Amino acid sequence: MLDVLLIPAALLLPLALQAVRRGDHRLHGHLMLAAFTIIGLRLVLHPRALLPMHLGLWLAVLAAAGTTLLLGRKALAWREARSSHAAYPRIHRASGTLTLLALALATLVWLLRHQG
């Protein structure tokens with residue numbers, strides 16, 4: 001039943017990606033953080049429902065997402081001229097792509113898990 005929490009996270013991700021395409025980088029960050037929090041909340045509430053392999057995979061995805069969020073803060077600082085490191089947006093974008101691929105893999109593994 002707690003898996004229903006993943007539905008709002010799945011709805012927040014496209015909204016966040018749409019916000020960044022419009023140039024609203026702060027809204028993008030807020031929506032991504034909300035999705036990260038919802039997925040983390042799902043894992044914290046009932047980790048016994050997941051096999052150790054699935055739990056490890058989801059924790060790896062959360063670690064990648066957390067790193068991407070921190071890189072996003074650095075990229076936003078550069079965009080707002082509070083930093084001189086121009087590489088952060090590229091690194092954040094690459095990290096975000098890898099995180100989305102890992103999330104897709106984790107979701108695929110979760111959907112194909114054996115219900116026995």
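**View 1. Helices H2 and H3 run roughly antiparallel to each other in this predicted model.** Two packed helices are described by the angle between their axes and the distance between the axes. Here H2 covers residues 25-45 and H3 covers residues 52-79. The angle between them is about 160°, and their axes lie 10 Å apart. Angles over 145 degrees count as roughly antiparallel, and H2 and H3 are therefore placed in that class. The crossing of H2 past H3 is left-handed.

**View 2. Residues of H2 and H3 meet in a contact between the two helices.** From H2, the contact takes in His25, Arg26, Gly29, Met32, Leu33, Phe36, Ile39, Gly40 and Leu43. From H3, the residues are Leu55, Trp58, Leu59, Leu62, Ala65, Gly66, Leu69, Leu76 and Arg79. Sorted by type, 12 residues of this contact are nonpolar, four are polar and two are charged.

**View 3. The protein chain contains four helices and zero strands.** Read from the N terminus, the order of elements is α-α-α-α. Along the principal axes, the C-alpha atoms fill a box of roughly 55 × 20 × 20 Å. Of the contacts between residues at least 6 apart in sequence, 57% link residues at least 24 apart.

**View 4. The surface and the buried part of the protein chain can be given as totals.** The chain has 116 residues, and 31% of them are buried. Its accessible surface comes to about 7600 Å². Carbon and sulfur atoms account for 70% of that surface.

Technical notes: Residues numbered from 1 in each chain as written. Predicted model: local features only at pLDDT ≥ 70, side-chain atom pairs only at ≥ 80, totals over all residues. Heavy atoms only, no water. Axes fitted to C-alpha atoms, helices over the stretch in contact; angles between N-to-C directions. Parallel < 35°, antiparallel > 145°, perpendicular 65-115°, else oblique. Left-handed = near helix turned anticlockwise from the far one by under 90°. Contact = heavy atoms within 4.5 Å. Nonpolar A, V, L, I, M, F, W, Y, C, P; charged D, E, K, R; others polar. Buried < 20%, exposed > 50% of the residue type's maximum accessible area, 1.4 Å probe, protein only. Areas by Shrake-Rupley, 256 points an atom, 1.4 Å probe, with all protein chains shown as cover.
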